[in-house]
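Biologist: Please take a close look at the aromatic rings in this model. I am new to this structure.

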Amino acid sequence: MQETLYKEHIPGASHWSMVIPAGHTLTLTDPEGGSNVSMLFYNPNNLLERYNAPDTLKCQHTFKLTKGHCLYSDMGRIFCSIIHDDTQWIDSVGGVANKQKVEQKWGARDYQSDRNAWLQNGYDSLLVEVAKYGLGKRDLVANINIFSKVKTDDEGTLSFVEGHSKAGDQVQLRFEMDTLVVLTTCPHPMNPASEYPNLATELCLTKSAPISDDDECMTSCDENGRGFENNRRYQCNHSHHHTSPTLSGAQ
């Protein structure tokens with residue numbers, strides 16, 4: 001059992017970020033069932049490098065993400081590996097809702113009138129969080145949605161799967177390079193719930209176990225082997241003038 005370095009309960013409709021050093025694992029837990037966690041990833045030492053959804057899906061020949069897959073940057077490096085996924089399907093295409101979408105689905109509420117009972121949207125929530133690092137609208141790329149599933153039929157029609165994540169389900173991300181993690185717990189844009197889903201998520205950070213030669217994420221496809229090699233080269237190039245950051249977060 002790995003020692004817990006950090007734990008936090010993130011309420012629904014909230015945003016959060018942390019610089020997580022390589023060699024650490026973030027465990028996300030859905031406490032009630034039905035949660036949604038929209039996540040983005042950046043290189044804290046070069047914020048122009050960020051998560052690339054098309055490359056992540058294309059190089060691993062998949063539409064969904066789950067255990068054994070890696071999350072790639074636009075430089076061909078691996079931010080993190082998915083080493084555990086109780087849900088067996090992480091949405092990679094649904095994106096986040098904006099203010100207009102939330103108003104259409106659940107009505108208009110604003111902070112000035114409703115205080116903490118207002119209905120935040122994922123787009124603005126992420127925008128507030130990335131602004132803490134000098135980032136803005138042009139830096140919000142396609143995200144992943146942990147605990148959510150969007151499937152497609154033969155005609156290419158996308159549909160949201162209700163009841164996908166159960167209470168207690170966990171997803172674990174093992175970080176392969178220093179990564180700025182930004183997330184929001186606002187509801188998935190395709191969630192058909194009649195009431196605004198205000199569902200929390202729990203986070204736990206631990207040291208990662210050593211990676212074995214037969215690691216599932218590294219060996220699941222040739223592309224992932226090359227991704228790990230790209231990380232190794234990058235870390236060698238930076239080891240002389242850079243040390244891993246200490247854990248730092250914002251909420």
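Modeller: A charge sits over a ring if NZ of Lys or CZ of Arg is within 6 Å of the ring centre and within 35 degrees of the ring normal. Lys-105 lies over the face of Trp-106, with 5.2 Å to the ring centre.

A word on the source. This is a predicted model, where local features need pLDDT of at least 70, side-chain atom pairs count only at pLDDT 80 or more, and totals for chains, interfaces and linings use all residues. Residues are numbered from 1 along each chain as its sequence is written, and side-chain values use heavy atoms, leaving out hydrogens and water.

Now the rings themselves. The whole structure holds 6 aromatic pairs (rings of Phe, Tyr and Trp, its six-membered ring, with centres within 6.5 Å; planes under 30 degrees apart are stacked, over 60 edge-to-face, the rest tilted). Tyr-6 and Trp-16 have ring centres 6.3 Å apart and planes at 40°, so this pair is tilted. Tyr-6 belongs to strand E1 (residues 4–10) and Trp-16 to strand E2 (residues 15–20), so the pair ties together parts 10 residues apart in sequence. Strands are DSSP runs (E, at least two residues), numbered from the N terminus. Trp-16 is buried, at a relative accessible area of 1% (buried means under 20%, exposed over 50%, partly exposed in between, with a 1.4 Å probe and protein chains only).

One aromatic cluster is formed by Phe-41, Tyr-51, Phe-79 and Phe-175.

Technical notes. Helices (H or I, at least four residues) and strands (E, at least two) are DSSP runs, numbered from the N terminus.
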